[in-house]
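Q: Hey, could you walk me through this one? I'm new to it.

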2 protein chains.
Amino acid sequence: MFQQLGVIGCGLMGGSFALALKRAGLVKRVIGYSKSPSTTERAKKLGVIDVVAESALLAVAGSDIVLLSVPVAATEATFKAIRHLVEPGVLFMDVGSTKRDVVDAARRVLRERLASFVPAHPIAGKELAGIGHADAALYAGRQVILTPLPQTAPDLVQKATDVWSAIGAQVLKMTPENHDAAFAAVSHLPHLLAFAYFSSVVGQPAGRDFLSLAGPGFRDFTRIAASNPEMWRDVLTANREEILKQSQRFRQSLDAFEQLMLSGNTDALETMIRAAAEGRAGWQMGAPRSTQR
Amino acid sequence: MFQQLGVIGCGLMGGSFALALKRAGLVKRVIGYSKSPSTTERAKKLGVIDVVAESALLAVAGSDIVLLSVPVAATEATFKAIRHLVEPGVLFMDVGSTKRDVVDAARRVLRERLASFVPAHPIAGKELAGIGHADAALYAGRQVILTPLPQTAPDLVQKATDVWSAIGAQVLKMTPENHDAAFAAVSHLPHLLAFAYFSSVVGQPAGRDFLSLAGPGFRDFTRIAASNPEMWRDVLTANREEILKQSQRFRQSLDAFEQLMLSGNTDALETMIRAAAEGRAGWQMGAPRSTQR
């Protein structure tokens with residue numbers, strides 16, 4: 001049980017975390033800060049936070065658990081704003097989709113206070129951002145990746161594991177480097193491809209007419225193209241190297257498919273499609289590696 | 001009201017059409033043929049068809065409406081098998097995802113009997129193929145594209161429009177060429193990209209580990225990668241030219257995004273992501289062109 005949760009950045013992720021902790025009876029009081037006062041006022045009206053903090057630092061004061069849920073690019077400035085109150089024993093976490101840049105910022109700013117920070121990435125979200133969509137069940141049944149450093153306090157890593165588990169998430173630990181390589185492959189590249197694909201369709205002369213004909217396959221394939229632009233600007237920039245590596249692999253795969261289309265080798269084309277189709281049919285979200293076909 | 005529907009190819013599409021006509025009280029009897037006798041037996045047990053036909057030709061005999069729901073590559077052979085019973089006044093339709101190749105096959109084989117064939121493409125489907133997934137509601141609320149030729153009998157085009165409308169679909173007419181260009185953009189390319197993307201992830205050394213971390217964005221983006229391999233082998237082959245044109249456009253768009261990622265021009269990157277995100281957020285499946293943002 002925590003006395004006070006400090007939420008810095010009262011959006012979908014931070015708001016949902018606050019609601020989940022409240023629902024699970026894990027926290028007595030939530031104090032929230034956002035850059036825009038109208039956001040914190042709204043969060044308070046919605047019952048997501050109990051107290052409005054006038055600054056990020058004041059959201060930390062008196063809190064024994066703090067969640068930074070700001071755009072990844074704002075992480076370093078946020079650390080700077082709060083570093084004087086980053087005390088041992090208080091659990092600090094973020095929710096960023098990239099981890100190397102966040103960890104680098106934490107190293108630069110927090111220095112000897114680094115032990116209090118447990119970098120976290122919950123694999124959850126919605127296309128509908130903002131506090132109005134905050135949902136106590138957002139993290140239930142989802143994975144949360146923790147990327148602790150050698151300096152991170154082991155008891156805080158345990159506390160972080162416990163709190164995410166208590167709100168229904170499955171906790172995994174890995175290095176920031178492995179995290180960023182993996183998510184470049186399974187999340188960041190698909191977003192880049194969806195943005196690029198949607199842009200290419202809408203940007204052609206008959207694009208609007210084409211869109212009026214699109215069906216459920218298009219709908220699902222492009223759902224992530226509607227994601228938050230600031231967030232994805234930051235992710236595509238912060239994890240650029242790994243994403244471009246994955247894009248190279250993807251282009252080689254696309255080349256191979258197109259070569260078979262051009263050569264008329266329909267048997268080989270079918271074999272490649274079948275491998276993908278059976279692989280995808282055997283995949284299940286959240287299933288551990290060993291049970292994937 | 002039709003006396004007898006002949007279904008050639010008792011799979012998801014043909015079976016769902018039969019169930020929809022039955023539910024709407026539009027047909028007295030359904031006769032079905034499939035290459036595999038076990039499929040037609042199953043269709044009969046499930047109540048999708050009433051009578052098993054021993055050949056495609058026998059499924060046409062005595063029918064006043066006939067649906068060819070065979071893989072696109074099998075269309076020409078099917079036309080050959082039934083051409084002697086392609087009579088004026090009987091409505092013949094297909095359900096193929098490509099239309100130029102189907103129309104070319106019809107021209108070659110049916111010749112003076114071409115008037116009876118109304119090429120059709122219902123924008124509906126599931127990843128779960130086969131008669132066991134046939135669903136009377138599959139076409140409700142979906143679009144159906146008809147691509148009649150100058151030779152097509154106008155009264156049969158009207159009949160086709162009426163029967164699809166009666167089972168809840170919205171009917172549009174266009175040329176086979178426009179159809180294939182549009183669906184290369186909004187359906188065929190996304191499938192190709194999804195196959196290529198899934199293959200590239202699963203084909204790398206850590207691919208299986210990466211897959212165990214993938215979340216809901218990945219799930220939706222790759223859903224169509226689980227589509228039917230034979231069908232998509234045929235579509236990617238039959239509409240190759242238009243798909244490769246669309247792929248070129250897509251690659252240019254991807255290049256533009258990656259250039260901005262590399263240049264560090266985060267403002268321009270955000271602008272491009274925002275255009276895609278707002279475009280996608282304003283898109284609605286099945287909405288006419290004029291109401292799309």
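Here is a chat about the domains, the chain contact, the cores and some salt bridges.

Q: What kind of model is this, and what should I know before reading it?

A: This is a predicted model, in which local features need pLDDT of at least 70 and side-chain atom pairs count only at pLDDT 80 or more, while totals for chains, interfaces and linings use all residues. Residues are numbered from 1 along each chain as its sequence is written, chains are lettered from A and ligands numbered from 1 in the order in which they are written, and side-chain values use heavy atoms, with hydrogens and water left out.

Q: OK, how is chain A divided?

A: Into domain 1 (2–174) and domain 2 (178–288), with bounds that come from an automatic or database domain assignment. Their C-alpha centres lie 31 Å apart.

Q: How many residues does each domain of chain A put into the contact?

A: Domain 1 of chain A gives 18 residues and domain 2 of chain A gives 18 residues, where contact means heavy atoms within 4.5 Å.

Q: And what area is buried between domain 1 and domain 2 of chain A?

A: About 1,400 Å², with carbon and sulfur atoms giving 60% of it. Buried area is the accessible area (1.4 Å probe) that two parts lose on being put together, summed over both.

Q: Which residue does A:Asp180 form a salt bridge with?

A: A:Arg100, with the closest N and O atoms 3.6 Å apart. A salt bridge here is a side-chain nitrogen of Lys or Arg within 4 Å of a carboxyl oxygen of Asp or Glu. The rule finds one salt bridge across that domain interface.

Q: Switching to the two chains: what do chain B and chain A bury between them?

A: About 8,200 Å², 67% of it on carbon and sulfur atoms. The contact takes 86 residues from chain B and 86 residues from chain A.

Q: How many salt bridges cross the interface of chain B and chain A?

A: Ten. One pairs B:Asp255 with A:Arg251, at 2.7 Å between the closest N and O atoms.

Q: Which part of chain B supplies the largest share of the side that touches chain A?

A: That's α7(B), with 17 residues. Helices (H or I, at least four residues) and strands (E, at least two) are DSSP runs, numbered from the N terminus.

Q: Is B:Asp220 buried or exposed?

A: B:Asp220 is buried, at 12% relative accessible area, whereas A:Arg223 is partly exposed at 21%. Buried means under 20% relative accessible area, exposed over 50%, partly exposed in between (1.4 Å probe, protein chains only).

Q: What about the largest nonpolar core?

A: It has 80 residues, and A:Phe250 and B:Phe250 have the most contacts inside it. A nonpolar core is a set of buried Ala, Val, Leu, Ile, Met, Phe, Trp, Tyr and Cys residues joined through side-chain atoms within 4.5 Å.

Q: What does B:Phe250 touch?

A: Not counting residues up to four places away in sequence, its contacts include A:Phe250, A:Leu254, B:Leu189 and B:Leu193.
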